[in-house]
Amino acid sequence: MSVDVTGVDRDTLVRPIRTVSTRYLAALSVALGMIGVWLFFYLQQLRHGLIVTNLADWGSGGGVPWGLYIGAFIWWVGIAHGGIILSAAVRLLGMDTYQPVARLAELLTIAALTCAGIFILIHVGRPDRLVTSVIPAWPTRVQWSPLMWDVTVITAYFVLTATYLGLTIRYDLHRLRNRLPNRLDPIYDVLLVGYSETEDAVVERMVWWIAFAIIIMAPLLLHGGVIPWLFALLPSMAGWAGGVQGPSFLSIALTSAVSGIIIVAAAFRYAYGWAELIPEAVFRGLGQWLGFFSLLFLWLQLQQVITGIFAAPTTLQHATEVKIATPLYWVAIGVVALAMLYVFAASLRPSLFSLPLLVALSVGVLAGTLIEKVLFVVEGLMHAHFDLYAGVPGAYTPSAVELSALVGTVGIVVLFFLVVSKVIPVVELHAIEDHGEVEG
Amino acid sequence: MSTDDDIDTPPDDEERHRRLLDETDYDTDLGLELARDAQRVTAGELSEAAFYRRYHDRIVEEFEMDDREIDLPDPDALAAGEGGDGGVGDGSGDAGGFLDRLGDALEGFDPDDGESRRSVMKKGAAAGALALGGLGSTGGAGPGDGTAAGAAGSGEEGDGTRWGMTINLNNCDGCLACMVACDQEHNLSRGANWMYVFAFEDENQGEETNFLPRTCQHCTDSPCTKVCPVGARHTREEDGLVLTDYDICIGCRYCEVSCPYGVNYFQWGEPDVPESEIDDDHQIDDRGRWVGSRPPEGVMGKCTFCVDRQDGQMGEEKIGTTACEEACTMDAIHFGDLNDPESPPNRHLREYRESQENDRSDYPNRKEHTVSTFQLLEERGTDPNVTFVGNAPSQDARQVDGPVTYEEMGLTDNRKEVLDQGAEAAGGETA
């Protein structure tokens, strides 16, 4: 499938930067409101401690020490990793069809990684020590602690993605400068410092290598590695340990990320009349990827359920039985299955395709993957091998404080896109002009 | 076929190792040769003793000391004719032994340790991580998790002190006095039961109610120290205590989810006992680290084996005792140095076995005594330093109400209820 959007002019590209509508301001208010709600609750947590969450100690304590915060952390990291994998794939494999959404995917990665970081910050009991304790311990602890591996690769990854974005933006800003608002000149001056057109060829090679690094790192080390290893390496909890977690996490990351990109791209297309710039074919293609990743997700869930109930060790069997007896788990599986079935049906009969429906299903999939991740963390902890405690399994329902963080981070992502889209073109110039033909 | 060629590091790898070693301050050739010969040791082609001798002088020259831990006589003395080959070792010794120890050494070094040791470590880490890769034991331990705990390993006698317990379940009557004593001595918040006594029924063990007092197991190979991202949870080198540095802990609770025993209790809110009411003697250990008494808010706590007592800060007579042991009137809890054959845990076990002699006059094939012992979740490989006398609860064991309830003793069983009340109170204040 090939899509030609090279007919679109440059003014279309910078449309978001040059307009401010009431709808924009309304969206801005909603985003700020969501962040405000979270800050209100978070202040309570800062004042009273994590006691305001519904977390507790496992064992005689009758609760779970990790809950929604960690589940949401994995979820955001998954969206981030999947986003950049897709963007890097566009570059490496020359999937030009998706070029109009490549930068949106990169921006989603930056925003989602930020949210993941926020969840770590609010999860720990002493956020003030994240710098003072972590940095001095890094050289020795990085050898042993999966959590330290995690912090390390996420930081490396953030740097890679930001570099990648920073390098590719210079090309566009230089050529679109006369269409960009003068009041933002100081920002553009910084972003374009030392730019000359002779760097383009070099940057293109650098970007290729960064994309290459990302595509190697992300599945092997990030959502297929370090993040699942946080759990898969701990034999104490029946539902966590094992080699299936890597592939399973990666499938969830990719499923979530495609959903996220579909939602963001559709929102821009709708808000700025970008039907030409991000044509329906892009969404049909993304939809098919969503269907494929959903299939992987469901297959890996099946693997876990079957191996968990057939003749598993008692605690694993118990953990799996509880999982499949949890209605929410089937909600998660159901929405992903529904999205998959719809997408495949629309592939067979193109007339069935509807963008609003695809967006709605993507929202459902994101809810499903979040539910799956939180259940994974919580259920895993509730079925320890050492289960003599009457308090195990305990009970856990996220508190308002915890749920508000979810609202707040979604608000942060919305705010991020609203602000960034007023400063830089969120669709790259390469999408509408081939590399060779660009002239200032 | 030349075995040397087979086991040599492939040229490409060697080139890479050379580059990495070049970046260190030390002799690259020495590093590469060490790595090559270490592989020969593993392959059984070179004895540990020969390996040790071959490099001793050059290591001393390069690092000022040879820190390879090996139970061999001083090679210098041997060279002077006092020993000879036979005295050093027969070459058929456990080839894995040295590498295990090298692995242990590579796993972490104590920041408090001498500079020279660290120098060897740096070089060792470069050569070892590259060329030995995985030959040494890879199950890591934290900084400070050093040779004392490592040597103490699997219950044999070792150097130094290794605090541990023998808990005789046959003697325990579930009075919960130990829980109360622990709670008071360490100023614990309600429900943070560092010592926790299970009353349980087990269909495989008859009708009666059994008891199991559960402290921290102070594992020699503790998962919690391994996973701690900041080295706050650590094994104290001098005596194997697994402690939490309250000044460093970030409160991520990774130790808690990695521990198979559920012994960790996070300080979710304000502690019940304010810090102003606790002496430094209870809190600061002999290294000057804040590891004793209840944790401050946002930090992880668990049984410390009464570290303040072991450091002599509660008086000389309290060394080698714990609050729970002292409170136990049933002679169930025995605390002491497991490396000392005459310590209370070792003596109790020996005497108890002697008192439960088997009838071997009629049945000569029976073992000497009828005492069974176990460690909690032995199969997890954590190598706990608490041994129980009695029968391990089976997977069908279920916790039941004991003869004395937690409430009667002023204790809280389910901490979640306390936390929920705390959360409500917090919400009420701000609402």
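Before you click anything, one term: a residue counts as buried here when its relative accessible area is under 20%. Keep in mind, too, that this is a predicted model.

**Stop 1: a strand in chain B**

Select residues 386–389 of chain B, which make up strand S10. Show the side chains: B:Val386 and B:Phe388 point one way, while B:Thr387 and B:Val389 point the other way. All four of these residues are buried.

Residues 163–168 of chain B form strand S1, which pairs with S10(B) in the parallel sense over 4 bridges. Look for B:Asn168, which stands opposite B:Val389. Then pick residues 373–374, strand S9 of chain B; S9 and S10(B) run antiparallel and are joined by 2 bridges. Here B:Thr373 stands opposite B:Val389.

**Stop 2: a histidine in a loop**

Stay in chain B and select B:His369, in the loop between helix H16 (344–355) and S9. Is B:His369 buried or exposed? Its relative accessible area is 14%, so B:His369 is buried. A polar atom of the B:His369 side chain lies 3.0 Å from the backbone nitrogen of B:Val371. Leaving aside neighbours within four places in sequence, B:His369 is in contact with B:Arg353, B:Gln356, B:Glu357 and B:Asn358.

**Stop 3: charged pairs in chain B**

Next, pick B:Arg236 and B:Asp285, which form a salt bridge with the closest N and O atoms 3.2 Å apart. These two are 49 residues apart in the chain: B:Arg236 is in the loop between strands S4 (233–235) and S5 (242–244), and B:Asp285 is in the loop between helix H13 (280–283) and strand S7 (300–301). B:Arg236 counts as buried because its relative accessibility is 0%. B:Asp285 is buried as well, with a relative accessible area of 4%.

**Stop 4: over to chain A**

A:Arg91 sits in helix H4 (residues 68–93) and A:Glu106 in helix H5 (residues 99–123). Both A:Arg91 and A:Glu106 are buried.

A:Arg103 and A:Asp172 form a salt bridge too, with the closest N and O atoms 3.0 Å apart. This pair joins H5 to H8 of chain A across 69 residues, and both A:Arg103 and A:Asp172 are buried.

Then hop to A:Ser251 in helix H11 (residues 245–271). A:Ser251 is buried, with a relative accessible area of 3%. Not counting residues up to four places away in sequence, A:Ser251 touches A:Phe293, A:Leu296, A:Phe297 and A:Leu300.

**Last stop: where the chains meet**

Show both chains together. The contact takes 54 residues from chain A and 65 residues from chain B. About 4700 Å² is buried between the chains, with carbon and sulfur atoms giving 58% of that area. In chain A, highlight A:Ile51, A:Trp144 and A:Leu388: they lose the most area to chain B, together 15% of what that side buries.

How many salt bridges are there between chain A and chain B? The count is 1. You can find A:Asp57 and B:Arg415 in a salt bridge, their closest N and O atoms 2.4 Å apart. There are also 32 residue pairs in polar contact between the chains. Finally, colour the side of chain A that touches chain B by residue type: its residues divide into 29 nonpolar, 19 polar and 6 charged.

Technical notes:
Residues numbered from 1 in each chain as written. Chains lettered and ligands numbered in written order. Predicted model: local features only at pLDDT ≥ 70, side-chain atom pairs only at ≥ 80, totals over all residues. Heavy atoms only, no water. Buried < 20%, exposed > 50% of the residue type's maximum accessible area, 1.4 Å probe, protein only. Pairing = 2+ DSSP bridges. Contact = heavy atoms within 4.5 Å. Buried area = accessible area lost by both parts, 1.4 Å probe. Salt bridge = Lys/Arg side-chain N within 4 Å of Asp/Glu carboxyl O. Polar contact = N/O pair within 3.5 Å; in protein donor to acceptor, adjacent residues only side chain to side chain. Nonpolar A, V, L, I, M, F, W, Y, C, P; charged D, E, K, R; others polar.
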